[in-house]
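Colleague: I am new to this structure and would like to know what stands behind the labels given to its parts. Please take me through them one at a time.

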Amino acid sequence: MARILVIRLGALGDFIQSFAPFAAIRAHHPHDVVDLLTQPPFADLARHAPWFDHVHVDRRPPWHDLRAVMALRRLLRSYDFIYDLQTSGRSTRYFHLSGMTAWSGIGRGAQAVHDSPQRRAMHTRARQRDQLRRAGIDSLPVPDLSWLARGGPVLPAPYGVLVPGAAAHRPAKRWPVERYAALARRMHARGLLPVIVGGRGERALAAVIRDTCPAAVDLTGRTSLPELGGVMARAACAVGNDTGPMHLAAALGVPCTVLFSADSNPALTAPVGQVRVIYVRDLATLRVDRVAATLA
């Protein structure tokens, strides 16, 4: 029985984009131990998933903390093969720290190095598919997410989810909240209950929406990621910025409208599923009519 480690540290959207690779690695190693190394925000979601035997949390020790770095080295060296799906500068340092060659990643000298010159031009899913192909995994199955679709509060149907937030340090990724408020009012007039989701930091956005549409349900900061999965799975549709919860909705098969500005490239990062992308250079120029038309 081999010991396999998967490394996936990144943002929520990136983590969700790896659901199919996670399932493929698990299927490729049916009788082996398959563990995950990830960041604290995603550990609970990963522990609910059927793909991992154990979930380790990467505390990102500073390189001058030799005791912590050596503990990380021991962890890495306890595995027979490592799939680095993060393929970042930090995770490649982990490759060099481990001293192992039984590795799938971008570090020079790895047994299954992904050195395609097209890496940076590939969509995340295509890049991971190509990386795993070089490691001997030929297909990415559509993952069974029934485990993720059960949780969270059961809301009156039909409802549509609104995701007005995005990374706070990238405001250009946000459609103005007043437009979400106007969209919520139109949804409610059509018999579709607006449900607002996001983190605690987005409660102010939800308040603006509810000022215009008091019937809207505010779940910002009130669901864990597994619970949010259930809320998304039962939705009739979802509308939001280029941010993690929209990847979750798309992965669960929800019809999605995702709003992109010039701050990110949908060709490289768009959610995978029943997704309609609206791309404008500046989201401040995007009219409510155009977004509302996608819900018809």
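Modeller: This is a predicted model. We can start with the lining of the largest pocket, whose residues divide into 11 nonpolar, 15 polar and five charged.

Colleague: What makes a residue of that lining count as polar?

Modeller: The class follows from the residue type: Asp, Glu, Lys and Arg count as charged, and Gly is among those that count as polar. Gly 244 is one of the residues that lie nearest the centre of the largest pocket, and Gly therefore goes with the polar class.

Colleague: How much space lies in the largest pocket, and which helix gives the largest share of its lining?

Modeller: The space is about 780 Å³. Helix 1 gives the largest share of the lining, four residues. Helix 3, helix 9 and helix 10 (244–251), like helix 1, each supply at least two residues.

Colleague: What can be said of the second largest pocket?

Modeller: About 440 Å³ of space lies in it. Of the 17 residues that line it, Gln 86, Thr 87, Arg 119, Arg 120 and Arg 127 are the closest to its centre. The lining of this second largest pocket divides into five nonpolar, six polar and six charged residues. Helix 6 (124–134) and helix 11 (266–269) each supply at least two of its lining residues.

Colleague: Why is Glu 202 called buried?

Modeller: Its relative accessibility is 15%, and buried means under 20%, so Glu 202 counts as buried. Glu 202 is found in the loop between strand 8 (193–196) and helix 8 (203–212). Leaving aside neighbours within four places in sequence, Glu 202 is in contact with Gly 165, Ala 166, Arg 174 and Thr 220.

Colleague: Which residues of helix 3 are buried, and what do they pack against?

Modeller: In helix 3 (residues 40–48) the buried ones are Phe 42, Ala 43, Leu 45 and Ala 46. They pack against helix 1 (12–17), helix 2 (19–28), strand 2 (33–38), strand 3 (54–57) and helix 9 (225–233).

Colleague: How many aromatic pairs does the structure hold, and why is the pair of Phe 19 and Phe 22 called tilted?

Modeller: There are 14 aromatic pairs. The ring planes of Phe 19 and Phe 22 stand at 45 degrees, with centres 6.5 Å apart. Under 30 degrees would count as stacked and over 60 as edge-to-face, so this pair is tilted. Phe 19 and Phe 22 are both buried.

Colleague: Why is the pair of Trp 63 and Tyr 94 called edge-to-face?

Modeller: Their planes are at 65 degrees and their centres 6.1 Å apart. Over 60 degrees counts as edge-to-face, so the label applies. The pair links distant parts of the chain, 31 residues apart: Trp 63 is in the loop between strand 3 and helix 4 (66–77), and Tyr 94 is in helix 5 (residues 89–98).

Colleague: Is Trp 63 buried, partly exposed or exposed?

Modeller: Its relative accessibility is 34%. Buried means under 20% and exposed over 50%, so Trp 63 counts as partly exposed. Tyr 94, with a relative accessible area of 0%, is buried.

Colleague: How do you know that the charged end of Arg 3 sits over the ring of Tyr 79?

Modeller: The charged end of Arg 3 is 4.4 Å from the ring centre of Tyr 79, and the distance limit is 6 Å.

Key. Residues numbered from 1 in each chain as written. Predicted model: local features only at pLDDT ≥ 70, side-chain atom pairs only at ≥ 80, totals over all residues. Heavy atoms only, no water. Buried < 20%, exposed > 50% of the residue type's maximum accessible area, 1.4 Å probe, protein only. Contact = heavy atoms within 4.5 Å. 1 Å grid on protein atoms, 1.4 Å probe; cavity = no way out; pocket = protein on both sides within 12 Å on 5 of 7 lines; lining within 4 Å. Points joined across faces, edges and corners; volume = space filled by probe spheres on them. Phe/Tyr/Trp six-rings, centres within 6.5 Å; stacked < 30°, edge-to-face > 60°. Lys NZ or Arg CZ within 6 Å of the ring centre and 35° of its normal.
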